[in-house]
Protein chains: 2
Amino acid sequence: MIDFYYQYSIYLKKGIKTMKPYENYVSKQDIQIIHEESLKILNEIGVKFEHPEILEIFKTHGARIDGNTVFMDEKMVMNAISTIPETFTIENSKGNHTLGGGSLILMPGVGNIFRLDNGHLHKMTNNDTVDQFKLSDTSDVIDCNYFNIFLDDKGLSIDERVFSPIAMILKYSNKTALHLQANTFPLKSGMSESFKKGLELIEKFEGRSGVYNNIVHMNSLSPLCFDHDPLEKFLIAAEMNQPVWFSPCSMPVLTGPPSVAGLIAMTNAEVVSGMVLSQLVKPGLPVVYGQTSASTNLRTVQLSIGAPETALISYATRGLADFYKLPCRTGGGLSDAKDFDMQAGIESDMMIRSTLEAAPDLVLHACGILGSFNILSFEKFLMDEDTYRMNRRLLKGINTEETHLCHDLIAKIGPRGNFLQGRTPKMFKEEFFIPKYFNKEDPNQWQENGNEPVLRSVQSAVKERLASYTPPNITKEQSNLLNKYIPACYRERI
Amino acid sequence: MIDFYYQYSIYLKKGIKTMKPYENYVSKQDIQIIHEESLKILNEIGVKFEHPEILEIFKTHGARIDGNTVFMDEKMVMNAISTIPETFTIENSKGNHTLGGGSLILMPGVGNIFRLDNGHLHKMTNNDTVDQFKLSDTSDVIDCNYFNIFLDDKGLSIDERVFSPIAMILKYSNKTALHLQANTFPLKSGMSESFKKGLELIEKFEGRSGVYNNIVHMNSLSPLCFDHDPLEKFLIAAEMNQPVWFSPCSMPVLTGPPSVAGLIAMTNAEVVSGMVLSQLVKPGLPVVYGQTSASTNLRTVQLSIGAPETALISYATRGLADFYKLPCRTGGGLSDAKDFDMQAGIESDMMIRSTLEAAPDLVLHACGILGSFNILSFEKFLMDEDTYRMNRRLLKGINTEETHLCHDLIAKIGPRGNFLQGRTPKMFKEEFFIPKYFNKEDPNQWQENGNEPVLRSVQSAVKERLASYTPPNITKEQSNLLNKYIPACYRERI
């Protein structure tokens with residue numbers, strides 16, 4: 001799957017020293033500088049932890065505290081990081097997945113609000129959410145699935161609102177779900193209990209406990225703060241022995257400084273402080289080093305994700321995770337475009353190629369994202385799949401083994417000859433990328449065939465894909481366990 | 001201008017060993033293997049030169065000849081290459097340009113037949129050709145201009161047909177023209193004389209001879225052949241002491257083998273044999289090592305340029321030029337899409353980033369290309385400009401100098417603070433890419449503002465750009481020299 005390391009394996013065989021692609025953008029020395037600046041921030045400026053129990057934990061372990069602000073020194077930091085495993089495996093009845101060393105596990109988008117439909121946006125309907133899930137489930141590019149919350153929750157019970165994202169995916173996904181959380185936003189109280197109940201639901205469905213079956217997400221609040229609720233969720237994750245995943249999303253000039261290096265150093269300090277906490281509470285608990293910071297559109301004061309700086313932040317994220325020897329999450333098929341247009345293609349290609357070069361372990365928002373995470377396009381989803389395939393081919397590099405020099409064939413055909421002789425050679429099919437959705441016709445033929453826009457043919461492909469979905473086999477008991485959390489109209493089939 | 005070497009200059013200052021970006025795709029050892037295979041081809045299979053005088057030249061210098069086929073050994077090859085200069089300068093009244101070491105001189109597209117206009121294609125009109133020229137002339141991304149032939153030549157005299165591409169650019173371009181050739185296609189006889197007259201016209205306009213003022217283009221005919229006319233033109237270039245530029249354009253499975261490495265080894269043999277010829281005729285004559293081979297769409301038997309293999313061929317081209325220590329030409333903003341759509345963006349971004357990574361000296365077809373070279377889109381031209389700017393920012397990498405760590409600012413704002421304080425910081429403007437044409441609005445605001453497609457705003461920008469063109473000042477004598485080669489309607493103004 002990590003076919004982009006193919007070239008490196010060839011290099012290694014040949015004994016050629018090579019670098020990882022991201023080192024062209026951020027060197028090992030740059031990473032060292034950023035790490036040292038983060039240590040300085042942790043020691044001199046500190047991080048706020050807005051949770052009394054957590055502050056007490058830091059205090060017990062000898063951290064300096066001032067109000068809510070925790071200061072930590074290099075020794076505390078490096079001791080904690082040394083107990084985090086380099087890799088870990090999510091064990092799941094739909095398949096296991098190991099994170100570490102560039103797993104490149106692709107997951108669909110999370111939390112989209114609008115759907116793009118023929119140049120117009122509408123609020124995602126519940127059926128759109130189901131279709132998004134089906135597209136991911138039938139994708140040969142997406143590795144692990146996810147189920148977004150139902151945005152139209154007027155007719156839903158509180159149990160359905162809170163637990164449907166877990167129940168729907170356990171019931172209907174053919175793929176492993178790495179990231180399953182109760183939607184606690186509708187709750188006025190009892191957040192912790194419901195969050196825990198969500199994790200227990202997975203254990204009941206799987207019929208076993210004590211293994212890693214999920215990754216619990218935890219956002220810092222830039223600059224340099226963890227507010228109460230994520231810390232509460234962290235404590236439950238630690239209690240249930242489930243890996244945690246940190247994701248700062250800082251915006252330069254708003255919640256971060258106006259430079260890429262400063263933004264990374266600051267958010268790295270946030271993640272590192274969270275990792276220290278994780279190991280103080282439960283040494284050896286797996287952690288995913290994450291990052292989603294991007295650029296800012298200062299005219300509208302909005303997050304701008306399809307930006308070259310977002311790619312640079314991805315490279316630095318992988319660089320820092322390598323430095324700390326940790327699994328990481330970053331990247332995605334990100335764009336700020338609003339339509340199925342050239343901008344969507346430019347930004348997505350830049351981000352998809354950068355993501356493959358960074359080779360994080362986990363990639364959320366891999367396909368279909370537009371409008372700074374807010375918009376989902378089914379058609380872009382399929383085009384993004386082709387973009388991953390295309391860039392995976394590119395990153396394989398050039399195979400110069402003797403078979404691929406084709407000397408005998410060139411000698412046989414000779415000067416001014418013609419290589420077209422019957423069937424398409426197997427080697428061509430292996431060497432040259434053939435896209436599923438890109439239109440490679442000749443312009444003349446294209447006009448003669450009726451000028452069909454790529455959008456039209458991809459719309460047809462979306463319909464075919466949705467129709468091809470079939471649910472997995474789960475037991476009657478498993479189904480019964482989940483049904484009370486699933487809206488009535490989706491209980492029997494989707 | 002070559003700002004993408006900025007990061008390397010930082011690395012060099014820091015004493016960090018680095019590789020050029022293309023070495024991730026094709027290593028120095030891969031290049032050595034390809035070179036050796038090319039030598040084997042030249043020695044065992046040979047190259048056809050369909051020109052008696054040229055065959056005689058090879059014979060005189062000791063090459064083995066069999067019919068039209070010339071064989072050459074390693075010694076002959078390496079001796080010839082050793083006399084080619086590593087860099088050379090085109091001297092021109094509109095500005096000098098030096099090729100060598102990654103000059104990245106961007107030039108517009110050449111030879112487009114259709115123009116894309118709101119989802120439909122029409123044959124390029126003469127005014128379209130003039131507008132394409134104006135877009136390039138007013139571009140801050142395009143470095144050297146070019147003037148395409150007038151496709152509608154019904155009312156034109158033979159002199160206007162043949163010499164207008166030279167006369168129009170000399171009269172109307174504010175930028176240097178690196179590549180000026182008489183259009184000899186309409187001629188039934190006297191090709192050589194007209195070609196020479198074209199080169200002399202430049203010397204007359206410039207008011208001096210004996211300097212390099214142009215690069216003469218020479219296509220090989222894959223596999224492994226040079227037919228008569230390009231060789232005839234080469235002899236004139238050598239006589240006029242003007243640099244020559246080789247461009248194989250081989251298609252796998254048709255005019256080349258079915259692998260990337262084989263295709264490159266074979267076309268490299270073609271270029272190398274041409275380079276040997278150049279140095280046998282005129283040792284020290286500058287040569288541009290070129291390559292435009294791409295993929296093949298085997299369903300329609302068409303050239304496919306927006307392909308990952310095209311990018312790999314660009315990397316290998318730079319690698320071979322570096323190996324031989326030569327200036328080179330490859331790359332471009334290439335796409336096979338037919339519309340201003342997502343595919344156009346994906347393919348162009350891949351190729352533009354790859355082009356900047358390869359860092360050739362000369363990039364033809366830099367902006368606006370669609371449909372396998374056949375289609376020009378004015379709107380894509382402007383989007384491509386933004387794509388170059390975006391990728392140049394990306395390739396600069398992360399600046400980790402102390403100023404850019406922003407330690408004092410982060411300390412001042414502190415945990416949970418806000419960095420938004422009055423004016424946009426200068427550092428943000430330098431660090432974060434702000435596109436001219438990409439739409440970075442929030443999806444909600446975009447809908448409220450009337451859903452304007454990016455295409456519409458770029459169409460307006462195209463109009464503004466065309467209106468901003470002003471011709472250069474040239475003398476009355478220069479103008480008179482050119483007017484007889486310019487169609488009447490463009491003699492006074494364009």
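Biologist: Which residue in strand 18 of chain B is the bridge partner of B:F114?

Modeller: The bridge partner of B:F114 in strand 18 of chain B is B:I375. Before we go on, please keep in mind that this is a predicted model, in which local features need pLDDT of at least 70 and side-chain atom pairs count only at pLDDT 80 or more, while totals for chains, interfaces and linings use all residues. Residues are numbered from 1 along each chain as its sequence is written, chains are lettered from A and ligands numbered from 1 in the order in which they are written, and side-chain values use heavy atoms, with hydrogens and water left out.

Biologist: OK, and in what sense do strand 7 and strand 18 of chain B pair?

Modeller: They pair in the parallel sense, over two bridges. Strands here are DSSP runs (E, at least two residues), as helices are (H or I, at least four residues), numbered from the N terminus, and two strands pair if DSSP finds at least two bridges between them.

Biologist: What's the order of the strands in that open sheet of chain B?

Modeller: The sheet has four strands in the order 8-7-18-17, with mixed pairing. Strand 8 (120-123) and strand 17 (369-370) of chain B stand at the edges, each with a single partner strand, so one side of each is left without a neighbour in the sheet. Strand 17 of chain B pairs with strand 18 (residues 375-376) of chain B in the antiparallel sense over two bridges, and there B:I369 stands opposite B:L376.

Biologist: And how many residues lie between strand 7 and strand 8 of chain B in their hairpin?

Modeller: Two residues lie between them, and B:N118 in the turn has a positive phi of about 55°. Strand 7 (residues 114-117) and strand 8 of chain B are antiparallel and pair over four bridges, with B:D117 and B:H120 as bridge partners.

Biologist: How many residues are in contact, then?

Modeller: On the side of chain B there are 130 residues in contact with 131 residues of chain A, contact meaning heavy atoms within 4.5 Å.

Biologist: What area is buried there?

Modeller: About 11,300 Å² is buried between chain B and chain A, with carbon and sulfur atoms giving 64%; buried area is the accessible area (1.4 Å probe) that two parts lose on being put together, summed over both. In chain B, the residues that lose the most area to chain A are B:M342, B:I398 and B:R416, together 7% of what that side buries.

Biologist: How many salt bridges cross that interface?

Modeller: The rule finds 10 salt bridges between chain B and chain A, each being a side-chain nitrogen of Lys or Arg within 4 Å of a carboxyl oxygen of Asp or Glu. One of them joins B:E357 to A:R353, with the closest N and O atoms 2.7 Å apart. Helix 11 (residues 342-358) of chain B gives the largest share of the side of chain B that touches chain A, 12 residues.
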